[in-house]
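Subject: Structure handover

Hi,

Here is the structure I promised you. Please open it next to this email, and my notes follow below.

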Amino acid sequence: MTATPWAEEAAATRAPQVNELALRIATVNGTGSSSANNLLMRAIFRMGIPVSGKNIFPSNIQGLPTWYEIRVSGAGHTARARNPDLLVAMNTQTRERDVAAVRPGGCVLWDSTSPLERAGERGDVTLLGIPIARMCAEEFHNPRERILLQNVVYAGAVTALLGIDPAVTATLIDERYRRRPRLGEANRRAFRIGEEYARQHFPCPLPCHVEPMQATGGSIIVDGNTATALGCIYAGATVAAWYPITPSTSVMDAFTAFARRSRRDPMTGLSTCMIVQAEDELASIGTVIGAGWAGARAFTATSGPGLSLMQALLGLAYYTEIPAVVFDVQRAGPSTGMPTRTQQADLLAAAHASHGDTAHILLFPGDPAECFDFAVRAFDLAEHFQTPVLVLSDTDIGMNDWVVPRLRWDDTYAPDRGRVLGAAEVEAAGEYHRYADADADGVAARTLPGVSPAAAYYTRGSGHNRLAGYTEDPDEYREVVDRLARKHAAAGGWVPEPVIEARPGASVGLVTLGSGGPAVREAVEMLRAQGVAADCMRLRGYPFPEAVFRFLEGHAFCFVVEQNRDAQLRTLLLESGAGSERLGSVLLYGGEPITAGEVSDAVLVQLRRREE
Amino acid sequence: MPSIAKPPIRHPALPVNELGLAERDYEGAMSTLCAGCGHDAVTAAIVRALWEVAVPPHMVVKLSGIGCSAKTTAYFLRGAHGFNGVHGRMAPLATGVGAANSDLLLIGISGDGDSLSIGIGHLVHLIRRNLRMIYVIENNGVYGLTKGQLSASADVGSTSSKGTPGVIQPVDPMLLGLSLGATFLARGFSGDKAQLVPILKAATAHRGLALIDVISPCVSFNDHEGSTKSYRFTREHDVQVTTTDFVEPRPELLTAIGPVGITDLTLHDGTRVRARALPEGYDPGDRDAVGAYLREAHDRGEVATGILYVDPSRPTLHELLRVVPRPLAGLPYADLCPGAAELERFGES
Ligand SMILES: Cc1ncc(C[n+]2csc(CCOP(=O)(O)OP(=O)(O)O)c2C)c(N)n1
Ligand code: SF4
Ligand SMILES: [Mg+2]
């Protein structure tokens with residue numbers, strides 16, 4: 001690749017692009033780039049511009065390729081962009097591939113300390129060389145700092161190139177290093193070096209750049225796992241059990257931190273919740289089930305391999321009707337798969353977790369704000385229906401920073417503890433049988449241990465009848481499992497309704513869930529530009545509410561856009577009664593957050609094929 | 001010994017405990033185990049022990065996994081909630097119940113298959129956590145419910161009912177417990193109710209995990225000549241390391257009993273357990289010596305029984321994790337939710 005000098009003409013031929021751009025930063029993990037990357041994302045956010053930050057990282061502690069991608073969109077599109085406008089190419093191992101992905105007309109910022117090798121031929125991108133390593137070596141003496149501060153140098157350069165307000169970045173650096181002034185000074189210096197170099201050598205800002213907006217008022221930056229943990233605190237969870245697994249670990253890290261602050265008994269300073277780091281996922285779900293049975297709001301967080309281990313006990317909780325909340329932050333399977341990559345491939349394993357006829361309630365948050373809300377709803381549903389509720393997010397939602405509306409709480413909220421009889425009620429009734437008096441939704445009243453001898457019953461995962469007695473009688477057995485099916489179906493009226501965006505006359509529907517939302521919504525716009533009118537529906541809960549089927553029936557053809565190989569959501573829809581003839585699939589399962597371009601391309605190809 | 005279903009009407013002359021309850025108030029459903037099964041005798045000892053210490057039945061939770069032994073939680077204490085879960089996972093369920101409600105007395109009944117094979121990982125960590133619980137292993141050296149396969153507690157050379165000898169080293173739950181810092185270890189024999197009842201009563205007063213290994217012969221699959229878990233073998237090789245008197249927390253009584261030759265173990269609630277050491281100098285507080293003794297006794301072919309080891313000083317799970325001693329399940333929601341104003345402050349904007 002020959003280094004193209006900055007070409008004024010090339011820049012002039014492109015219309016300036018304000019607040020619609022993508023920045024990709026390619027680094028090596030373990031070099032400390034995340035705080036510099038974060039700084040850029042937060043600075044853009046503070047300028048009032050809608051932005052998202054996605055970390056695409058390896059399952060490794062040091063030395064493998066990592067990307068951080070910032071999507072800036074005044075129009076509010078937060079999905080990952082397919083082709084960056086500006087690439088910061090700090091990783092020579094991946095440079096060729098990284099450069100190849102840059103949008104024609106885009107720019108590549110690279111460390112010109114050593115000459116370019118192994119970069120592909122791209123005459124249509126502008127190379128911006130900055131001798132980052134050399135300048136750091138000259139300025140800083142501590143070897144660790146020399147490496148770390150390279151990230152800050154490129155952050156400074158990007159700030160100048162993209163027109164990010166340097167006052168905002170300065171404030172962010174001050175905030176971050178308030179307690180470590182020496183480090184703060186080094187950061188400021190490195191930042192200035194990058195910024196000044198860019199200003200002196202390149203026309204700043206680039207045609208694609210940012211300008212202040214006022215679109216993020218009332219919003220916050222938060223990742224899904226933190227929001228989930230906060231939801232558990234607000235829901236009143238008192239028992240948490242877990243076994244570490246990427247990408248769910250930060251749920252418990254955050255819960256522990258929140259609990260330390262807001263779950264202290266004022267008299268004793270002791271905690272009002274118990275967090276058990278269990279020996280494995282069987283133990284974590286077992287602990288959750290035991291605690292739920294005894295009346296505490298209890299949860300665990302895990303990912304695919306952990307969900308696999310939980311199967312037997314989830315079946316127990318389903319059959320014996322015990323509330324439990326499981327957060328499955330999905331990653332790419334099968335097996336260990338790609339632990340840090342994102343997927344939606346646990347849908348079937350979660351919906352039918354365990355052997356036998358088992359069906360669970362699932363919730364599909366689409367962003368961190370819904371992670372917070374659905375955490376609370378999960379406890380309500382679990383206790384209302386006396387059954388496990390699995391909340392399925394993924395690496396993209398769980399671990400990436402999203403800009404969402406400020407989380408709100410209604411102080412009049414009262415938890416739905418479901419049908420639980422106290423001592424007085426049981427004693428007044430004179431007789432209590434665990435599964436005998438089911439209501440219209442199939443839910444029978446339970447009692448908690450320690451209440452009254454009259455409330456006692458025997459929970460068994462073996463065959464039982466409506467009186468909770470052991471049975472192998474076909475009719476008695478069927479009576480219970482048929483009621484469980486009714487109960488599950490009834491939950492379809494309680495899970496969150498789908499989010500539907502419809503326009504008159506659209507005959508095509510795009511159906512998605514979870515982190516697929518932003519890409520699908522953007523794809524709808526891309527399709528419209530291609531003359532295809534499409535509606536979209538994001539599913540938020542299973543069993544599917546009525547509105548889901550009305551949407552499917554109201555469109556000549558629907559595409560289910562999901563992040564797994566086997567069309568699991570489509571399978572679940574078909575199994576729930578949707579017709580197969582008019583339901584297609586867009587399957588994007590490479591493990592990276594999906595882009596609108598991939599969705600709209602796939603839809604167009606299939607529509608064309610259908611016309612032929 | 002299947003017991004006969006008894007009418008709930010109480011004879012006025014029946015002796016009652018402090019709560020005014022008769023022993024049969026601590027019984028449960030009719031057993032469906034084989035006649036002569038050791039497990040039924042353990043059930044009877046539990047009924048007696050709980051009745052004598054006068055635990056309110058509804059303050060007890062019975063837990064088990066799967067196995068013949070696991071079924072027995074249905075056969076005592078009908079006034080208590082019972083949770084018969086899945087094979088090998090009693091310990092996690094118990095951890096959850098104990099976490100949610102620390103006021104409850106947890107009694108878990110497990111088998112040697114349930115605890116020493118499929119569930120051994122959980123047992124190990126339950127011991128480490130020192131959850132307050134009575135954990136009984138009804139140890140018969142076989143998988144009773146799946147018809148007599150040798151279990152992980154079967155001794156090398158001990159034969160199965162089909163005549164195949166065990167060849168793999170057995171797991172001794174007492175040695176396992178010692179190595180993990182267990183705080184209460186006892187071994188009993190289902191055929192010796194007089195010894196088992198005071199052990200169980202002492203366990204009710206222990207504030208951490210009380211692990212009790214009860215040799216409980218399986219008459220259908222492991223009571224033959226050549227088995228080291230038969231009634232006959234156990235009777236002939238039983239060495240009572242300690243005999244236990246359970247002493248109610250009444251100080252005047254304690255002062256009346258002389259200390260010579262006797263180890264008095266004071267449990268957290270002031271209850272004293274007197275373990276009379278029979279082998280000269282056996283000290284149930286000396287972890288290393290107990291370990292050495294148990295290994296040697298096993299090599300001699302002896303079954304050492306009694307309260308083998310007690311350490312009442314170690315903190316329980318709630319203390320270790322610095323959690324309020326009140327039942328978490330009973331905390332009012334208002335005390336748990338930080339409220340809208342606090343959420344306003346959350347997050348960068
Ligand atoms: C996951 C699972 N695997 C296997 C079984 C079959 N099973 C039932 S009980 C049992 C062994 C019981 O042995 P033990 O715990 O010693 O109890 P015992 O019947 O001897 O009292 C087995 C293997 C099961 N129920 N669940
Ligand atoms: S098979 Fe053995 S353990 Fe099971 S009930 Fe019969 S005697 Fe007891
Ligand atoms: Mg057994």
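Which domains does the domain assignment of chain A give? It gives domain 1 (6–201), domain 2 (222–405), domain 3 (420–471) and domain 4 (499–611). Please keep in mind that this is a predicted model. Between domain 1 and domain 3 of chain A, the C-alpha centres are 62 Å apart.

Metal site

Look at the magnesium ion (ligand 3) in chain B. B:Asp112 (OD), B:Asn140 (OD1) and B:Val142 (O) coordinate the ion at 2.1 Å. The spacing of these donor residues in sequence is D-x27-N-x1-V. B:Asp112 belongs to helix α4 (residues 112–118) of chain B, while B:Asn140 sits in the loop between β4 (133–139) and β5 (142–143), so the pair ties together parts that are 28 residues apart in sequence.

B:Asp112 has 1% relative accessibility, so it counts as buried. B:Asn140 has 4%, so it counts as buried too.

Ligand 1

Ligand 1 is surrounded by 17 residues. The closest are B:Cys68, B:Ser69, B:Gly113, B:Asp114 and B:Gly144. B:Ser69 places a polar side-chain atom 2.8 Å from an oxygen atom of ligand 1. For B:His39, a polar side-chain atom lies 2.9 Å from an oxygen atom of the ligand. B:Val142 uses its backbone: an N or O atom there lies 3.0 Å from an oxygen atom of ligand 1. B:Val142 is also a magnesium donor, through O.

Ligand 2

The residues around ligand 2 include B:Cys34, B:Cys37, B:Cys68 and B:Cys218. B:His39, B:Asn140 and B:Gly144 are also among them. By class, the shell has seven nonpolar and four polar residues, with no charged ones.

A:Asp265

Where is A:Asp265 placed? It is in the loop between α9 (249–262) and β11 (274–277) of chain A. At 7% relative accessibility, A:Asp265 counts as buried. Its side chain makes a polar contact of 2.6 Å with that of A:Thr268. Another polar contact, of 3.5 Å, joins the side chains of A:Asp265 and B:Arg326. Leaving out residues up to four places away in sequence, A:Asp265 touches A:Leu270, A:Thr272, B:Val324 and B:Arg326.

Best wishes

Methods:
Residues numbered from 1 in each chain as written. Chains lettered and ligands numbered in written order. Predicted model: local features only at pLDDT ≥ 70, side-chain atom pairs only at ≥ 80, totals over all residues. Heavy atoms only, no water. Donors = N, O, S within 2.8 Å, 3.2 Å for Na, K, Ca; no water. Helix = DSSP H or I, 4+ residues; strand = E, 2+ residues; numbered from the N terminus. Buried < 20%, exposed > 50% of the residue type's maximum accessible area, 1.4 Å probe, protein only. Near = heavy atom within 4 Å. Nonpolar A, V, L, I, M, F, W, Y, C, P; charged D, E, K, R; others polar. Domains from an automatic or database assignment. Polar contact = N/O pair within 3.5 Å; in protein donor to acceptor, adjacent residues only side chain to side chain. Contact = heavy atoms within 4.5 Å.
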